[in-house]
2 protein chains.
Amino acid sequence: MTKGKIMLVGLGPGSHDHLTARARAAIAEADTVIGYVTYIRLVADLLAGKEVVKKSMTEELDRAIESLERARQGKKVALISSGDAGVYGMAGPTFEVLFQAGWTPDSDIEVEIIPGASALNTCAALVGAPLTHDFCAISLSDLLTPWPVIARRLDAAAAADFVVALYNPKSGRRTRQIVEAQRLFLAHRRADTPVAVVKSAYRPKQRIEFTTLDRMVECDIGMLTTVLIGNSNTFVRDGLMVTPRGYANKYDVEGGTTRAGEQAGRSLSTGLAGWLETIRASGESAEALAHRHRLPVDYIAAALADGNVVDGEPAAGEALA
Amino acid sequence: MTKGKIMLVGLGPGSHDHLTARARAAIAEADTVIGYVTYIRLVADLLAGKEVVKKSMTEELDRAIESLERARQGKKVALISSGDAGVYGMAGPTFEVLFQAGWTPDSDIEVEIIPGASALNTCAALVGAPLTHDFCAISLSDLLTPWPVIARRLDAAAAADFVVALYNPKSGRRTRQIVEAQRLFLAHRRADTPVAVVKSAYRPKQRIEFTTLDRMVECDIGMLTTVLIGNSNTFVRDGLMVTPRGYANKYDVEGGTTRAGEQAGRSLSTGLAGWLETIRASGESAEALAHRHRLPVDYIAAALADGNVVDGEPAAGEALA
């Protein structure tokens, strides 16, 4: 009997143009293709002659169990997810089911994960460049996650000025979570923070709406929608949402020359070494510094206490002493 | 003169297997290919007959400026990034340069962004399923970002139990940032939190190391490394790093039946509606609830005050009144 195989395939947005060569080859190689009915439809023309198992949205564990059954029969199974198979995708539940069944990587069933662009990547590509700085992905689905866990993440991401991609923002039944998310964000971010609402990216029913944080709940939002909330520097210009990387912190925007006190290719003067030097030289208490920099007082205290050496060189304050 | 075009191409990890069809076509279509020398090398065999402009790592703005110059001459330019062109990639700086030059989307130069799997997706695919729950990407580079901004994000992500992907964790010069990141994380996470250190994913020099939060700075970490830090539920088993999605919150692991009080396909009993019901029925003060749930007191107060209606139905407390 041939060795079975489970291939966890990330389709990317679902248009064939954005399939990777490996994702396409994995589907071609598969005896059986298993997935949520909407994803099966995206690759329908690649499935001739294959067993196709369509599942509904909530049957993730069933999809994994059926994959394991087929693989035990020596079949090659492509278990497909839109976006990336690892991001809220089938990779997690599949390993949970496999481990529970006593599977190990050196057993007769091989597992391969084939990465793809996740919804945050593809939606971002359609609206401009919102992810040029640090970002979070947060799912608003409380089918498996307690609400306080989700709310804490929303609050933390909003407070720390991350760009945020909301996955599963709303369904027929779950209509209130996006309102709560908005409330948590508005406590930290400006009402006019740019928001992009992207539905069915790169698919025939694609729809892009630009809005602002205070209006986002009025948009048409559903289970095929990703909501991208900008950080405090994100702007929309000419229909493009852009989060600056921070070049303006170092370079004069007009001439391209380096700002006073900054060096091309080096950390900012407010980077780690410069910042440590400044807080040590300030003479302020850890409490005052913690408050000013919105950082834990323990962290500031440790930074003040330990760091006589930064990056292998004495800090300036030490060298002068 | 033909209309110029700038294509911002995300290569994914860089192996041809993981190129999307569109990324490959964009390179084929280009007159000029511009990129960091390491990325150019990844696609060297696709570049015959093209003008190739290699740039060093810090010359992002130069890459964008040269792309604009070529596009103004009517050329098609592929500006390549590894991973996704939008994630710490060239999409942001390019729009910054284009806007500054007075470009608009209806000008003679077309811009297309071609998404790809980012390092967090590809590194995750190699280590198991670490991104099955909410995650953040944080760059430790302080070349353009002040350290307190980075530190606040590390602290917030650690406190709110996100899985975290650290980009640009360390360079020849920047060796201390990863140590500070570890310190910030250890204030919130267990010392034995699983960490994966992935270098050159899907490339010939690929190297994967599993470690724990308290040991991660001992690993071989450089500019081609992504560091994945698990959340409080992430585990490593048989050489695979997995973050559970939360099925165990709803289903009995053995029998697959639904736990008491839970319904398949519905929000958890601790989901938004159930949680609101519980806090309203508790009779506790907003302050006490805020402390218990580690959420802002204003948020709790608003939830207690406004919510007579949840998801279009009276909350249970109301219905009984």
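**Exercise 1. Which residues form one aromatic cluster with A:Phe95?**

Before starting, note that this is a predicted model, in which local features need pLDDT of at least 70 and side-chain atom pairs count only at pLDDT 80 or more, while totals for chains, interfaces and linings use all residues. Residues are numbered from 1 along each chain as its sequence is written, chains are lettered from A and ligands numbered from 1 in the order in which they are written, and side-chain values use heavy atoms, with hydrogens and water left out.

Solution. Begin with the rule for a pair: rings of Phe, Tyr and Trp (its six-membered ring) pair if their centres lie within 6.5 Å, and planes under 30 degrees apart count as stacked, over 60 as edge-to-face and the rest as tilted. A search of the whole structure over all chains gives 16 aromatic pairs. One of them joins A:Phe99 and A:Trp103, a tilted pair with 6.0 Å from centre to centre and 50° between the planes. The cluster itself consists of A:Phe95, A:Phe99, A:Trp103 and B:Phe235.

**Exercise 2. Decide whether helix α4 of chain A is largely enclosed, and look at what follows it.**

Solution. Take the terms in turn: helices (H or I, at least four residues) and strands (E, at least two) are DSSP runs, numbered from the N terminus, and buried means under 20% relative accessible area, exposed over 50%, and partly exposed in between (1.4 Å probe, protein chains only). Helix α4 of chain A covers residues 91-100, and because nine of its 10 residues are buried, this helix is largely enclosed by the rest of the structure. The buried residues include A:Phe95, A:Glu96 and A:Phe99. A:Trp103 is buried as well, like A:Phe99. Just after the helix, A:Gly102 takes a positive phi of about 85°.

**Exercise 3. Find where A:Arg153 and B:Arg153 place their charges.**

Solution. A charge sits over a ring if NZ of Lys or CZ of Arg is within 6 Å of the ring centre and within 35 degrees of the ring normal. The charged end of A:Arg153 sits over the ring of B:Phe162, at 5.8 Å from its centre. In turn, B:Arg153 lies over the face of A:Phe162, also at 5.8 Å from the ring centre.

**Exercise 4. Explain which parts of chain A are tied together by the pair A:Asp220 and A:Arg207.**

Solution. Start from the general idea that side chains of opposite charge can pair when their charged atoms come close. Here a salt bridge is a side-chain nitrogen of Lys or Arg within 4 Å of a carboxyl oxygen of Asp or Glu, and the structure holds 42 of them over all chains. Between A:Asp220 and A:Arg207, the closest N and O atoms are 3.4 Å apart. A:Asp220 lies in the loop between β10 (207-212) and β11 (225-229), whereas A:Arg207 lies in strand β10, so the pair ties together parts that are 13 residues apart in sequence. With a relative accessible area of 38%, A:Asp220 is partly exposed, and A:Arg207, at 39%, is partly exposed too.
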